[in-house]
Amino acid sequence: MIEIIVPLALLFIIALVKQIPKIGGDIRVALLVAAVSSAIISGLNLGETALAFVDGIDRLSWVIMLSLFGSLYAESQAKLGAIDTTLNSLRAAFGNSPKGLIVAIFITLILAGSLLGDAIAAATVIGFLVINSLTELKLKPEQIGMIILLGASIGSIMPPITQGVFLSASLVGVDPSPVIKIAYVTVTIGAILAILESFRFVRGKKMPKELIPEQKVIQILKERWKTLIPLLVLIAIVLANTLFDYNIFTEISIFAFILEPLKEIRIVQGITFQVVSAIIIAFLVSFLFPAVRKDTKGVFKNGLGKVNQTVQIQICAGVMVGVFYASGLIDKVALMTEGLGSSMVKLGGALSMVVVGMLTGSQTTSQSVIVTFLGPILEKMEVAPELIALGASHIAAAGQNMPPVGLTAFVICGLIGGILNTKVDPLKVMMLALPNSLYFLLIGLIVWFI
């Protein structure tokens with residue numbers, strides 16, 4: 001029992017008690033301390049512990065590589081102007097009314113969130129572009145915060161580049177492709193609900209003349225269509241596999257020749273996952289354009305900088321996951337729960353994920369801590385692995401924005417407050433976003449109880 005209680009107690013104490021000098025509130029330290037304490041209590045020697053570290057990071061290598069190359073790719077698109085083209089095109093298509101402008105902003109936020117795989121990064125990148133426009137619609141700062149929070153958060157789980165689903169699938173040990181196909185539907189519904197929720201903010205309001213686009217969509221695309229080439233390459237590769245089961249990385253011999261040897265290298269093999277490989281191809285295509293080539297250093301510096309902390313957390317989570325498996329902790333927890341009712345385990349697991357996500361503001365942390373244990377337990381209860389992964393990703397997405405503590409909301413409020421020189425209440429932002437969070441929680445519970 002001690003080998004279960006001590007690591008988890010240390011994990012939660014360090015992660016949640018910010019008053020601890022130097023390490024309080026640092027989830028990276030919390031994950032590493034939990035891993036090391038588990039290794040010591042379980043009697044793993046240095047060699048076994050090192051192998052466990054590698055095994056755990058390898059389990060999450062898809063997600064780590066997705067974050068790294070996704071951020072690099074997103075930064076290259078910012079330099080190229082693809083994000084501006086997308087936002088301006090959407091504004092021209094929908095932006096002649098306040099509701100249309102909100103739709104355009106949501107789609108842009110969701111696209112950025114999907115490309116970056118990180119809600120905070122997406123909110124930061126797009127936030128600067130849309131805050132003033134939303135202010136001119138006379139929206140309250142908290143309403144602006146809710147739109148940015150939901151758009152960026154939904155984007156981080158939106159297929160085809162969906163970090164939340166990839167992480168849950170990695171932790172459960174299942175192919176994410178079937179999960180992604182279902183997530184297309186559930187996440188799109190969540191996005192539509194978020195947009196409809198936001199329409200009430202502009203009810204009865206007129207569009208300021210200065211916000212009405214001067215150019216038509218055709219004009220914008222005629223002038224700037226080249227900036228969308230890398231994005232179209234990425235979409236084509238991913239959709240060919242998702243919709244038509246055609247994977248260019250196995251069907252085209254040159255790609256297979258390059259990638260096959262990499263699949264045998266632990267951790268590095270994360271780049272051979274189809275979506276990651278597709279992002280790398282699109283990233284390389286971006287360098288055909290002078291705007292990206294001329295600022296290669298800036299692309300790498302800014303791209304890596306934006307996901308630096310996220311990747312560190314993922315690596316530390318991988319270390320903890322590897323040790324927990326090597327020490328037999330996962331099996332012991334599964335045995336302890338055999339006498340519990342199925343409903344109690346599912347509800348308790350969901351509640352735990354929500355609480356951890358709420359307190360840390362991170363779906364990555366929530367899944368790494370809870371799904372590591374919960375996944376094998378639910379499998380023994382004969383829940384399909386694909387449904388375990390789908391439910392976990394949605395419940396984690398719900399938890400990270402739940403009041404009273406959501407890191408993303410605090411970051412967004414700081415961004416809005418800085419630009420508008422006003423105080424923004426993050427709790428109000430989270431409460432405005434609560435219906436959407438409850439929707440994702442409900443979807444997660446439904447697929448677990450099917």
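These exercises, each with a worked solution, concern a predicted model.

**Exercise 1. Helix length**

Solution: 

Task: Repeat the comparison for helix α5 (residues 82-94) and for helix α3 (residues 46-59).

Solution: 
- Step 1. With 13 residues, α5 should span 18 Å, and its end C-alpha atoms are 18 Å apart, in agreement.
- Step 2. For α3, with 14 residues, 20 Å is expected. From its first C-alpha to its last, α3 reaches 20 Å, close to that value.

**Exercise 2. Buried residues of helices**

Task: Which residues of α1 are buried, and where do they fall when seen down the axis of the helix?

Solution: 
- Step 1. The buried residues of α1 are E3, I4, P7, L11, I14 and A15.
- Step 2. Down the axis of α1, these residues fall within an arc of 140°, so they line one face of the helix.

Task: Which residues of α3 are buried, and which helices do they pack against?

Solution: 
- Step 1. In α3, the buried residues are T49, A52, D55, G56, I57 and D58.
- Step 2. They pack against α2 (27-42), α4 (61-80) and α18 (308-326).

Task: Which residues of α5 are buried?

Solution: 
- Step 1. Buried in α5 are A82, I83, T85, T86, L87, S89, L90, R91 and A92.

**Exercise 3. The largest cavity**

Task: How many cavities of 30 Å³ or more does the structure hold, and which residues line the largest cavity?

Solution: 
- Step 1. There are 3 cavities of 30 Å³ or more. The largest cavity holds about 60 Å³ of space.
- Step 2. Its lining is made of L150, S153, I154, A397, A398, Q400, N401, N436, S437 and F440.
- Step 3. Helices α8 (141-157), α22 (385-399) and α24 (426-449) each supply at least two residues of this lining.
- Step 4. By type, the lining of the largest cavity divides into 5 nonpolar, 5 polar and no charged residues.

Task: Is N436 buried or exposed, and what is it in contact with?

Solution: 
- Step 1. N436 lies in helix α24.
- Step 2. Its relative accessibility is 2%. Buried means under 20%, so N436 counts as buried.
- Step 3. Leaving aside neighbours within four places in sequence, N436 is in contact with L150, I154, G190, L193, A194 and E197.

**Exercise 4. Two loop residues**

Task: Where is K138 found, and is it buried or exposed?

Solution: 
- Step 1. K138 sits in the loop between α7 (119-136) and α8.
- Step 2. Its relative accessible area is 66%. Exposed means over 50%, so K138 is exposed.
- Step 3. K138 has a positive phi of about 65° although it is not a glycine.
- Step 4. From K138 to A398 the separation is 260 residues in sequence and 28 Å in space, C-alpha to C-alpha.

Task: Where does N421 lie, and what is its phi?

Solution: 
- Step 1. N421 lies in the loop between α23 (407-420) and α24.
- Step 2. Phi of N421 is near 55°, a positive value in a residue other than glycine.
- Step 3. With a relative accessible area of 74%, N421 is exposed.

Notes. Residues are numbered from 1 along each chain as its sequence is written. This is a predicted model: local features need pLDDT of at least 70, side-chain atom pairs count only at pLDDT 80 or more; totals for chains, interfaces and linings use all residues. Side-chain values use heavy atoms; hydrogens and water are left out. Buried means under 20% relative accessible area, exposed over 50%, partly exposed in between (1.4 Å probe, protein chains only). Helices (H or I, at least four residues) and strands (E, at least two) are DSSP runs, numbered from the N terminus. The arc is that of the directions from the helix axis to the C-beta atoms. On a 1 Å grid over the protein atoms alone, a cavity is a set of points where a 1.4 Å probe fits but cannot get out, and a pocket is an open set with protein on both sides within 12 Å along at least five of seven lines; lining residues have an atom within 4 Å of a point. Grid points are joined across faces, edges and corners, and a volume is the space filled by probe spheres set on the points. Ala, Val, Leu, Ile, Met, Phe, Trp, Tyr, Cys and Pro count as nonpolar, Asp, Glu, Lys and Arg as charged, and the others, Gly among them, as polar. The expected span of a helix is 1.5 Å times one less than its number of residues. Contact means heavy atoms within 4.5 Å.
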